[in-house]
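Me: I have a structure open and would like to go through how its parts touch. Can you take it step by step?

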Amino acid sequence: MSLLKSKAPRIREKRLDTLNAWLGSAEAAKQEFTGEETVQRIRTFSQSSEDDLIYALKLLAGVRESVVIVHAPRGCGAAELCHKVTSGNGRWIVTNLDQKDTIMGADRKLRKAAESAYREYRPEVIFIVSSPVAAINNDDIQTVVEELQEELELPIVPVYVTGFASRNAVTGFDTALHSILKHLAGTSGEVERNSSVNLLSVVEHPDDRVEAERILELFGVGLNLLPDGASTATFRLAAGARFSFTLDQDSGNYLGVMLRDEYGVPYVKQSRPVGLGATGRWLAAAGRALGQEEAATAYHVQESERVRRALGDFSLAGLRVYLALPPATAFAVADLVGEFGGEVAGITVGHLGELQVSELESFSDRYPTVQFHVGDGQAFEELNIVRRLAPDLYIGDGAHIGQVARLGIPLVSLENQPVLGYAGVTALVRRIAAALKNRAFTETLAGLRTPYRDEWLRRSPNWHIKKEVK
Amino acid sequence: MSNHIDGSRNSCALHGALQLIEAVEGVVPVIHSNAGCGMQHFLGVNRANAFGSPFGGPPVSSSNIGEKHVVFGGSSRLREQLKNSIKVVDGDLFFIVTGCSTEMVGDDIPAMTKEGRDQAFPVIYANTPGFRGGVHHGYQLAVRALVEQLPDLLKETQSPIDGLVNVLGIVPQQDPFWAGNLEEIGRLLKGIGLEPNLLLGYGRGVDGWHRVPEASLNIVVSTWGEAAASLLEERYGTPFLRLDGLPVGFASGWMLRAVGDRLGLDAGRTEKFIHDEETRLRRHLASLADAYFRAGFQREFALVGESAQVVGLSEFLTRTLGLLPRTLIITDDPAEAEKASLEQVLADLVEEFGTEVLFSEDQSEIAGLLRSGRAGLVLGSALEAQIAEEIGAPLLRVSFPLGDRVVIDRGYAGYRGAATFLEELGSLLLATAPLR
């Protein structure tokens, strides 16, 4: 049976043994996944973090000519306000569920919101994003979707996120991608084969997308970039493409695998093109898949020569770097740090699961004893760890970077920073060089107290991470 | 029944409570909800204003309940989270606030709070699920919790302060200039010999809230402070003075005289203070005259913002600066009775100008109103940027969300705020006027 028949994919915990809490050496992290059974951990103290609903909203805000209806009380659309005012992306309507709706259900309200979205914007697609309240209330979104679809003659795509079923926000990408394929790509029988190549780009920086497209121009193939900036037509095209290639094999994994398993589009997995070495390997993999390996090699030699000249004698030799990033980026940046002669002092990844095993193995071969931390937005643990390690540089992308800044360490945020390809190396190195050259800002903040008690900062950082009792 | 909202700028009750809590130093919110609730607050409020998280990021304590808690209840998870919050996070007061899921599940928050109290934890609570109301309601719930629950917690008495006046009704972040506005209102009250109890912002912690019952008067800047003022009147007999809106420029004199009257202050001192401040503001206005005429200040304007702000700024723009009010849109969804009284206040202000006064929090409706109004100047939020561009009007970002504008301690209230406002408006009009 097609996996797309279900309302939503299985959560990352179940599908890929994904953990969101863990602390130990890199070697022990590897054992956790290569040994008999991966055991889920929970926290006895926790801090706000991203969830599947926010991740789904982030992804959907990038789909062209769409309107998102958040079927929830009004606070569940707050992140959309941020997308709107910081990137100009996203049109959203919140159904504004009230107390009565939580008892009686609110399908009429949902229908009205969709009709209004259609009248106001004439979009190509309407996404209906579920929420904790809709999930707990078990609102019948499906029936509304079917009725609306007939009435409005446009695709209405329900996205069944819950905010609580998974502890891994990345599940929200999977759920949104599942719904998109199910409703926008057509059934496997309808697909028309074409000569284009899919480039899977899930919530990447716009400059990174441009860079990836620039590099792949070399091969002279038509690219379908998706889901970032895609329209409904892109998804149909993608289902019949020659193969799929990815910018991030963690966030794009579900899309790649489903296009492969459901539509027969081969999926070429490759680590993120961050740093010269990884970009070369990424490009070579694309070249191999297209039978243009030599062109890829020649191009890489030429481009990396250009970048090396531009970077001059930049080096991280003798510097210890802490990384706090989503897993695919974290491992990629760890390689980049190595390329420039630096060392990883410690690492925090937002989540860790089967998709990361091979990268984790290479990491632990190189840094077996380095502290390996898994946690998304758990700043209290990060600060505890980073304070002890006293690295020379911290590279992260969390919303809590302002807290880390109070440790007085030079700091680079990747939250709004292009990192991919040749342009990414140059841009990232510039940022790192600037952070190391003038440390005045974080040194000024260093006198401030962190939000935490000294007792906590003296305690073992894994204090609140426990094995889950089923 | 509530309606759906397109592009809502008003978040939920939980977020409103968090906005209040984050503005009181030393108070730590303990969110009992999904992991994402606090993050949505950070993204949709702190970040939407580009400045303003005291913790350097998203909220620092959240129970992050999962499927298990939704099915079996999350009280034990809250118990654990509260106990550990006190061990991990530095704070004088721990404030439990709830989200929709834990309220639907029916977790007993008062019981958990009592358990904490029994262990001598400094803890209070408010039930703040988003399905029960919007961001302003959340502000009210959090203020009420502080007023009602602090006296049980802080028993020791403090030495009384003469002429103490509380200022209520400024909702942090929804008024992006809340900190600066409070500072200036405080400066004005000091100017006539009073001791302002501003309650929010830098250096203002639980102590100020402890002193709330001692005040001789509550000044209520917006409708959102009324519930607390009524409660304080009922409990402690404290009278309150409700302002029509934020006092901007010469309206400050009205406020100071009214306060002086209520408290029987020395009228000579009050008048002297007002006179000095007004003279200074008039001087600023006179210096601006050249730019005013050169850049064609006198044009029709549209103003989109919260009720207190719309009243205050439109009064100053119309009565002092001589601009022409075209469209006034109030976005904070006040209660029906309050809408009627706001309509009256604004009608008195703008009656001769054929101004449209509307209430809406729906982005597409607001854009439609601005499109048909075609004003030559828009004062609003980042959400009005697109429509302002479309109608070719310069936009001054004055209301939530500011987007890419950083505001630290400037404000528009009072005499100094009026000068700040002139600086900003003047710079914008000069930069966008087709000068020869």
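Reply: A definition to begin with: two residues are in contact if their C-beta atoms, placed from the backbone, lie within 7 Å. The model is a predicted one.

Me: OK. Which residues of α1(B) meet α7(B)?

Reply: From α1(B), they are Ala13(B), Leu14(B), His15(B), Gly16(B), Ala17(B), Gln19(B), Leu20(B) and Ile21(B). On α7(B) they meet Val135(B), His136(B), His137(B), Gly138(B), Tyr139(B), Leu141(B), Ala142(B) and Val143(B).

Me: Is the crossing left-handed or right-handed?

Reply: α1(B) and α7(B) make a right-handed crossing.

Me: New topic, the two chains. How many residues are in contact?

Reply: Chain A has 60 residues in contact with 64 residues of chain B.

Me: Which element of chain A gives the largest share?

Reply: That is helix α4 (residues 78-87) of chain A, with 6 residues on the side that touches chain B. By class, that side of chain A has 27 nonpolar, 18 polar and 15 charged residues.

Me: Which strands pair between the chains?

Reply: Strand β4 (residues 92-94) of chain A pairs with strand β1 (residues 5-6) of chain B, in the antiparallel sense and over 2 bridges. Within β1(B), Asp6(B) is the bridge partner of Ile93(A).

Me: Now domains. What does the assignment give for chain A?

Reply: The domain assignment lists domain 1 (49-186), domain 2 (191-301) and domain 3 (314-467).

Me: What separates the centres of domain 2 and domain 3 of chain A?

Reply: Taken over C-alpha atoms, the centres of domain 2 and domain 3 of chain A are separated by 28 Å. Their contact takes 21 residues from domain 2 and 22 residues from domain 3.

Me: Which elements of domain 2 give two or more residues there?

Reply: They are α10 (206-216) and α13 (276-290) of chain A. The largest share, 5 residues, comes from α10(A).

Me: And the classes on that side?

Reply: The side of domain 2 of chain A that touches domain 3 has 7 nonpolar, 8 polar and 6 charged residues.

Terms used:
Residues numbered from 1 in each chain as written. Chains lettered and ligands numbered in written order. Predicted model: local features only at pLDDT ≥ 70, side-chain atom pairs only at ≥ 80, totals over all residues. Helix = DSSP H or I, 4+ residues; strand = E, 2+ residues; numbered from the N terminus. Nonpolar A, V, L, I, M, F, W, Y, C, P; charged D, E, K, R; others polar. Pairing = 2+ DSSP bridges. Left-handed = near helix turned anticlockwise from the far one by under 90°. Domains from an automatic or database assignment.
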